[in-house]
Amino acid sequence: MFQFPISNLQFPIMSCIFCEIAARRAPADIVFQDEHVTAFMDKHPRAPTHILIIPNSHIESVDAIADDAAAWQAAQCLRAAREIARARGLSGYRLITNTGADAGQAVFHLHFHLLAGRKMGWPLG
Ligand code: AMP
Ligand code: ZN
């Protein structure tokens with residue numbers, strides 16, 4: 001199987017499931033990967049298409065984007081979202097990133113939920 005070499009991982013002090021997925025040491029249904037970004041199917045999908053897009057490097061959340069390097073990694077996730085949406089022919093999609101426990105963040109490795117395939121309500125509850 002094709003394995004993209006990931007050499008720029010910054011290992012967190014605690015073990016991180018999304019770092020493990022990006023490094024292909026933990027199982028996931030990976031749908032996109034390059035040297036910056038990994039995207040895989042959410043294990044508890046909330047929409048017909050529910051993909052998580054993460055930087056390969058460990059960044060805790062949007063709140064940890066404190067320099068240009070981290071901002072660039074986050075931007076790569078948005079670029080990947082566009083490429084995934086185009087490749088899948090999605091007519092519309094929603095990107096969500098929960099930031100902090102009070103906002104519902106459960107995994108503290110930056111991730112964008114890409115949701116599509118059903119009508120999305122707005123405003124959010
Ligand atoms: P959040 O609440 O924004 O931190 O979202 C975490 C998301 O990660 C949830 O939607 C989980 O279903 C998903 N998730 C957690 N662990 C895994 C995993 N090993 N593989 C795929 N999705 C996962
Ligand atoms: Zn991580």
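A residue is called buried if 20 or more other C-beta atoms lie within 10 Å of its own, exposed if 12 or fewer do, and partly exposed in between, with C-beta atoms placed from the backbone. The views below show a predicted model, in which local features need pLDDT of at least 70 and side-chain atom pairs count only at pLDDT 80 or more, while totals for chains, interfaces and linings use all residues. Residues are numbered from 1 along each chain as its sequence is written, and chains are lettered from A and ligands numbered from 1 in the order in which they are written.

**View 1. The fold of the protein.** The protein has 2 helices and 5 strands, where helices (H or I, at least four residues) and strands (E, at least two) are DSSP runs numbered from the N terminus. Read from the N terminus on, these elements follow the order α-β-β-β-α-β-β. Of the 125 residues of the protein, 24% count as buried. Two residues are in contact if their C-beta atoms, placed from the backbone, lie within 7 Å, and among contacts between residues at least 6 apart in sequence, 54% join residues at least 24 apart.

**View 2. The largest nonpolar core.** A nonpolar core is a set of buried Ala, Val, Leu, Ile, Met, Phe, Trp, Tyr and Cys residues joined through C-beta atoms within 7 Å. The largest one has 22 residues, and those with the most contacts inside it are Ala39, Ile53, Ile54 and Leu114. At least two residues of this core come from each of helix 1 (17-22), strand 2 (37-41), strand 3 (49-55), helix 2 (68-88) and strand 5 (112-116). Leaving aside residues up to four places away in sequence, Ile53 touches Val37, Ala39, Cys77, Ala80, Ala81, His111, Phe112 and Leu114.

View 3. Helix 2 has 21 residues and reaches 30 Å from its first C-alpha to its last, close to the 30 Å expected at 1.5 Å a residue, the expected span being 1.5 Å times one less than the number of residues. Gln73, Cys77, Ala80, Ala81 and Ile84 are buried in helix 2. Seen down the axis of helix 2, its buried residues fall within an arc of 110°, so they line one face of the helix; the arc is that of the directions from the helix axis to the C-beta atoms. An α-helix has 3.6 residues a turn, so residues three or four places apart point the same way. The buried residues of helix 2 pack against strand 1 (30-33), strand 2, strand 3, strand 4 (94-96) and strand 5, whereas Asp68, Trp72 and Arg86 are exposed on the other side of the helix.

**View 4. From the end of helix 2 to Tyr93.** Just after helix 2, Gly89 takes a positive phi of about 65°. Tyr93 is found in the loop between helix 2 and strand 4 and is partly exposed, with 19 other C-beta atoms within 10 Å. Apart from residues up to four places away in sequence, Tyr93 touches Ala85, Leu114, Leu115 and Ala116. Tyr93 and Arg118 are 25 residues apart in sequence, with their C-alpha atoms 9.1 Å apart in space.

**View 5. The surroundings of ligand 1.** Ligand 1 is surrounded by Ile17, Ala28, Asp42, Lys43, His44, Leu52, Asn98, Gly104, Gln105, Ala106 and Val107, a residue being counted here if its C-beta atom, placed from the backbone, lies within 6 Å of the molecule. By class, this shell has 5 nonpolar, 4 polar and 2 charged residues, with Ala, Val, Leu, Ile, Met, Phe, Trp, Tyr, Cys and Pro counting as nonpolar, Asp, Glu, Lys and Arg as charged, and the others, Gly among them, as polar. Val107 lies in the loop between strand 4 and strand 5 and counts as partly exposed, with 14 C-beta neighbours inside 10 Å. Val107 and Ile17 are 90 residues apart in sequence and 8.1 Å apart in space, C-alpha to C-alpha, and Val107 touches Ile17 and Phe18, not counting residues up to four places away in sequence.

View 6. Arg24 is found in the loop between helix 1 and strand 1, and its phi is near 65°, a positive value in a residue other than glycine. Pro123 lies in the segment after strand 5, and the peptide bond from Trp122 to Pro123 is cis, with omega near 5°.
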